[in-house]
Amino acid sequence: MSDPTRREFLAVASSVLASAGLNATERNAAQAASQPKREAESKAIPPHRAQIVDGVHAYTDKVNVAAGEIIRFHVSSSYPYELQVCRLGTDVDSPSRDQVLHSFGSSPAAVQAIHTGSYLAVEKPLDAKTELSEFAIELWIKRWRTLERQAIVSQFDDADACGFALFVNEDGSLGFYLGDGGVYDEKKLHTTPPDQLKMVINPEGLKSYPDNTPSSVLENKWHHVVAQYDGKTKQVWVDGVKVSEWQHSGTFRPGTAPLRVGASGQNGRASALLDADIAMPALYRKSLTAAEIASRVAAQGLTAPTGSELLACWRLDEERGDLVADSSGHGRNARIVNLGTWMIGGPSFNAAVERFGTYDPFKDPKRGHGLRLSSDDLFDCRWDVSHEYRIPATARSGMYVGRIRFQLDGEERLYHTIFIVNKAASRAKAPIALICATNSWKAYSATSFSPSWKGLKKSIGNNGFANSEGDPPAYCFYRPHRAGQGTYQLGFRMPWPVVGPYVLMGPEEWDYSHLSRQDRFTQVWLETQGYSYDVLTDAELHLDPNLLDGYQAVFVVGHSEYWSFEAMNAMGRYLDRGGNAVVLSGNTAFWRVSFNEDTTVMECRKCDAPGSAIPAERRGELWHSHDGQRGGMSRECGFPAWRLFGLEYFSLEGVGWPGVGPYVVRNPDHFLFKGPRPLNLKAGDTFGGTPGKPFPQPIGHEGDVRVSTMAKYLVEAAPHGGTQPTEDPAGMTLLADGFADPKKIAFAWDYFQRLVMPDKLPPLTAAAEMILWDRPGGGNVFHSGSINSGSTLASDPSWSNLMHNVLSHFGCQPEQRA
């Protein structure tokens, strides 16, 4: 894309926001001077339909910032508000002990729009004034659910720059508009009967979430479509068959609208965005014969068209990034707005690849290339900076929030956007590093634009809280896009209110959270017990293989489910050099993720396990666009969690269910039970629970066990090519079982994620296991095996003393206090 074009994008985007009254809260001259220039190449987009979301929504420019550096807040608020910068204190249940570093005072309401939907913005449209006596649009399409009319290919801007457009409607019919480039003329739009296309392009068997968000489409297949004009008639062909023809004559000019693939325009802004996979879109200055169409169908999108009559062709073989080349030689290169999704294959691709085979997408001659477009794609809100604050260089590392206070319905409400403050660059490392599970926070962050709730705490599920009016983007790795496309990517420059410090999961009486609040319990224990620690994020470990050097012990806490292989290698390197890991997590390192270069977008592709977005018949979509490597469960991508931390994911149980209990001592003579703080526990004694209460207990909501334990519950023979590990690595000691009544475990899975039926296998003896592992390659791992284990550290003296003994063994002592 040329520099002038980039400048035009910036200018148009700014003017659109200004004309819509979307300026951020006024800032003083000093703030404005320090605001960084907008990143033209990555952030500015062509004029795009704007959506206003009522309420209060905010995010920070980055997930972590070092003390002494600037954090920037991007806020959209329908109400006057006060923004405070706070360090979360030692009360996980209220802000009472938080440290308020700064208040920006009263700020007026200032709403910023979102611009959703992915499409190809073509740099060079067809010549506006050229009269074409013949014309053809050709492409392959695999449609998801269509919401209202959507544009497939267009140089069309309603209502006064209408050249051509190919539309698809909710009923599956196709609309073909051919005009003179001027004012819209209804007579120039012809639409195919829906019944003719019902079986070839209209998805059937759509299932829905309880909130009516589509979750899958059983019948969405690739189909070849040609819409063309031969000078006398307009025609639409589907899969080599002419399905409609209309008499048409007169002048056809493309007009001045931008050329778009996957969108058209309205009042100068991209709109009518498409929910579909597309492959090999092409434009011709001629009509195609029946024989040519048959040849193109037979090519299955593997061969690009050529010839002097070709106006544009996008092979879509880049498979990453946002730039798409035109192979016609006319320079009609395109830019993908709002990412889209690469690495899904084309119409020739048999996506049902073998689970444990040697499939390589880059060696598959029939994979082809497709691009998935979604009308609700959004990975960066691109909001202006509303406030910025330099964290004091003396600030302690920790979990911080931007806390927004505002009035609604006569009461004060709070909104939180969470971020991490790292130690100052000039400050020495603490003995302990605490890695917050920020990848998991993002993975579960559905309903980015949730309305605020009354009170402080709110219980949500995996699918997020209620969505705001207008149905803004609400997808996460447990909730698909609104048209049914599985979620493969999530952006960090988005609000994530469900990650807030007072958000719960499950019945409110359980008082349980598996996101930031879960991590807080361990942080608060470290702080109240006098240990010095630095807080880090998953992305930092992904970026820096030397990040952990110099730490005496590293804590992996909460629901640390999503790991990149770069982060796992960095942790392995640290351990191999004699480092020590304290893992207070369950479902640990289960899914592999990857990142774009600046870690603002995270990718995860799931299959063959609960919560999957890819059915087995599309397993070939597992390969990531960021790095080209296979996605899915870490254990099936070549780096199982047990090789790093000793345990693997096994069970799911509610933290408040009867029968879900504490840890049961299995090795009372182990030195960790003896000192330096004696626990005085015998074999079979319990610890870790809340005395006199059924919950919270340290077990739940997911648990990890040794591979030798999992081997007892192999449901059936391993799938073809799969290998079941049966022996634990040397140096591992079982300290305790995480007890759960076998009848109260909701689910347990074998190593290949097949459901264990307790009546057909040995009785389940543990939902989680606690180990100490003296790794043969170096380093030590203490693993509690349970997501909820950190939440009871402060409530049970035996559990707390055991953790003191672990840290003492790892060379960490609390600071002396006056």
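User: What makes up the largest nonpolar core, and which residues have the most contacts inside it?

Analyst: The model is predicted: local features need pLDDT of at least 70, side-chain atom pairs count only at pLDDT 80 or more, and totals for chains, interfaces and linings use all residues. Residues are numbered from 1 along each chain as its sequence is written, and side-chain values use heavy atoms, with hydrogens and water left out. The largest nonpolar core has 85 residues. Trp 441, Phe 555, Phe 687, Phe 782, Met 803 and Leu 807 have the most contacts inside it. Helix α13 (residues 797-809) gives the most to this core, with five residues. Helices are DSSP runs of H or I with at least four residues, and strands are E runs of at least two, numbered from the N terminus. A second, separate core has 49 residues, including Val 225 and Ala 351.

User: Why is this called a nonpolar core?

Analyst: The term means a set of buried Ala, Val, Leu, Ile, Met, Phe, Trp, Tyr and Cys residues joined through side-chain atoms within 4.5 Å. Buried means under 20% relative accessible area (1.4 Å probe, protein chains only). In soluble globular proteins, nonpolar side chains tend to be buried together. Of the 818 residues here, 62% count as buried.

User: Which residues does Trp 441 touch?

Analyst: Among them are Met 399, Ile 418, Trp 496 and Leu 515, leaving out residues up to four places away in sequence. Contact means heavy atoms within 4.5 Å.

User: Why is Met 757 called partly exposed?

Analyst: Partly exposed lies between buried and exposed, and exposed means over 50%. Met 757 has 41% relative accessibility, so it counts as partly exposed. Its place is in the loop between β43 (747-748) and β44 (768-774).

User: What makes Met 757 part of a surface patch?

Analyst: Met 757 forms a nonpolar patch with Phe 747 and Leu 755. Together they have about 260 Å² of accessible area, by the Shrake-Rupley method with a 1.4 Å probe. Patch residues need over 30% relative accessible area and no salt bridge, and nonpolar side chains (Val, Leu, Ile, Met, Phe, Trp, Tyr) are joined within 5 Å. A salt bridge is a side-chain nitrogen of Lys or Arg within 4 Å of a carboxyl oxygen of Asp or Glu.

User: How do you know that the radius of gyration agrees with a compact globule?

Analyst: The rule is 2.2 Å times the number of residues to the power 0.38, and the radius is taken over C-alpha atoms. For 818 residues a compact globule would have a value near 28 Å; the protein has 28 Å, so the two agree. Along its principal axes, the C-alpha trace spans about 95 × 65 × 45 Å.

Notes. Patches are made of residues with over 30% relative accessible area and no salt bridge: like charges are joined within 9 Å, nonpolar side chains (Val, Leu, Ile, Met, Phe, Trp, Tyr) within 5 Å.
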